[in-house]
Amino acid sequence: MDAIASMSKASLQWLVDTDAAHAASCAKRLGCKDSAVAADCFSDPAVDAVIIASVTNSHYSYIKAALLAGKAVYTEKPISHDPAELLEIVELAESTRLPFMVGYQRRIDKNFLELQAQCAGGAVGQLRVIKCCSRDNPLPPLEYLRVSGGIFCDMLCHDIDMIHFLSNQVPLEMYAIGHCYNADIAAMNDIDTVVVSMKFASGLMATVDVSRTASYGYDQRVEVFGELGMVSAHNVQENTVVVATERGYVAPRAQWSFPQRYQAAYPSNVSQFADLVRDKAVEEPAILRRHIDLERCTAAAELSWLLGTPVKLDSVDGLRHHLSHHLSTPLAAPPPTVDTAA
Ligand SMILES: NC(=O)c1ccc[n+]([C@@H]2O[C@H](COP(=O)([O-])OP(=O)(O)OC[C@H]3O[C@@H](n4cnc5c(N)ncnc54)[C@H](O)[C@@H]3O)[C@@H](O)[C@H]2O)c1
């Protein structure tokens, strides 16, 4: 919200948070009106666009209400964990032709943009292997994790989006293994460490390792191996000073967490959205529709972990009943047997 408040192409009208005291103090600082009820903002004719960054399980209903009220929408990920709700929002964004963006800020990070440009420009030829490493730091608060949708929906979705950004391909099959080291996370039936591999029709293979913590700082690296070479994006360090002594070389730590690492990317994303609103433009249909593929990949990975077997993307719908905790409206009773080799 600070980014909008300081932007010349938009002005902040409302700050809405169900924590009314928090809304009031933020609004006072940012110089706008406040409310604990989103309808106050959605019904205000002075509002052209809304930014949704509330708790994950509130996104769907806010996006829907905002689009139906004729407002452009920028939302934090995810749209919804429920594929029916996700499709409904994608179709609503298409039919209203209102500017709509989901915040996958890695796509606008300058390092990953350059990585993508190198891949798209043919620097390494045909892509053969993509390796992503995504380790959060510090461990998010337990109250956040409880409503996050779990490590697959909350974290892996970013890596799947990055692999799609780099390759413009959707995998055929996913295989995931995982473990939980943290007892509080285990008590939520979630895990804190995951390794996922995926195979694509072109022959491309990708792996992602995801962790809720990394004791040495936020760790997000990507390597792309192709027929002509290798291109990689490394962590951003706190500074560039290396101390060399007889004991060896001591380099600075990686930046502490995502607000530091993506300090420039978040406002750039919002600025991009403000341009869409100003120009009354919409994202390309393929960019909007990709959210449907990304959710299916995330579901396939989680199903693979749950079932202990590789899961083909085209078998996900038949297995979704195993993920019914994600759905607002649980699916009907599961079929009697599971054929994951289909
Ligand atoms: N793209 C990224 O890198 C990234 C990073 C962090 C968080 N996120 C996403 O941002 C969202 C918020 O995450 P956070 O870490 O800021 O969470 P948070 O728990 O710190 O803050 C959520 C805020 O929403 C408010 N809130 C809760 N329920 C609400 C409701 N129904 N209506 C309005 N306000 C409500 C809370 O009072 C709180 O102020 C999550 O959906 C998360 O997935 C994305």
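Which residue stands opposite T75 in β5? I will come back to that pair in a moment, after a few words on what we are looking at. This is a predicted model, in which local features need pLDDT of at least 70 and side-chain atom pairs count only at pLDDT 80 or more, while totals for chains, interfaces and linings use all residues. Residues are numbered from 1 along each chain as its sequence is written.

Let me take the opening question now. T75 stands opposite V102 in β5, and the pairing of β4 with β5 is parallel, over 4 bridges.

Next, the domains. The domain assignment gives domain 1 as 2-105 and domain 2 as 106-327, with bounds that come from an automatic or database assignment. Taken over C-alpha atoms, the centres of domain 1 and domain 2 are separated by 24 Å. Across the boundary, 32 residues of domain 1 are in contact with 33 residues of domain 2, where contact means that the C-beta atoms of two residues, placed from the backbone, lie within 7 Å. On the domain 1 side, the elements that give two or more residues are α1 (2-5), β3 (49-52), β4 (72-76), α5 (83-96) and β5 (100-103), and α5 gives the most, with 6 residues. By class, that side has 21 nonpolar, 5 polar and 6 charged residues, counting Ala, Val, Leu, Ile, Met, Phe, Trp, Tyr, Cys and Pro as nonpolar, Asp, Glu, Lys and Arg as charged, and the others, Gly among them, as polar.

Now to the other sheet. It is open, has 7 strands in the order β11-β10-β6-β9-β8-β7-β14, and its pairing is mixed. Its edge strands are β11 (229-233) and β14 (311-312), each of which pairs on one side only. Starting from the β11 end, β10 and β11 run antiparallel and are joined by 5 bridges, with F225 opposite M230 in β11, and a hairpin links the two strands through 2 residues. Strand β6 (residues 127-135) is joined to β10 (residues 219-226) by 8 bridges, again antiparallel, and L127 stands opposite G226 in β10. Further along, 7 bridges join β7 (residues 173-179) to β8 in the antiparallel sense, and V194 in β8 is the bridge partner of G178. At the β14 end, β7 and β14 pair antiparallel over 2 bridges, with K312 in β14 as the bridge partner of E173.

Helix α6 (residues 110-120) lies across β6, β10 and β11, running at about 165° to β11. Helix α8 (residues 151-167) touches β6, β8 (193-199), β9 (205-211) and β10, and its direction makes about 150° with that of β6.

What are the contacts of L294, leaving aside its neighbours within four places in sequence? They are C157, I160, D161 and H164. L294 lies in helix α12 (residues 285-307) and is buried, because 24 other C-beta atoms lie within 10 Å; a residue counts as buried at 20 or more such atoms, exposed at 12 or fewer, and partly exposed in between, with C-beta atoms placed from the backbone. L294 and V170 are 124 residues apart in sequence, yet their C-alpha atoms are 8.1 Å apart in space.

For another position, A24 is found in helix α2 (residues 20-30) and is partly exposed, because 16 other C-beta atoms lie within 10 Å. From A24 to C180 there are 156 residues in sequence and 39 Å in space, C-alpha to C-alpha.

I will finish with helix α11. The buried residues of α11 are A265, N269, V270, F273 and A274, and the helix is followed by K280, whose phi is positive, near 50°.

Terms used
Pairing = 2+ DSSP bridges. Axes fitted to C-alpha atoms, helices over the stretch in contact; angles between N-to-C directions.
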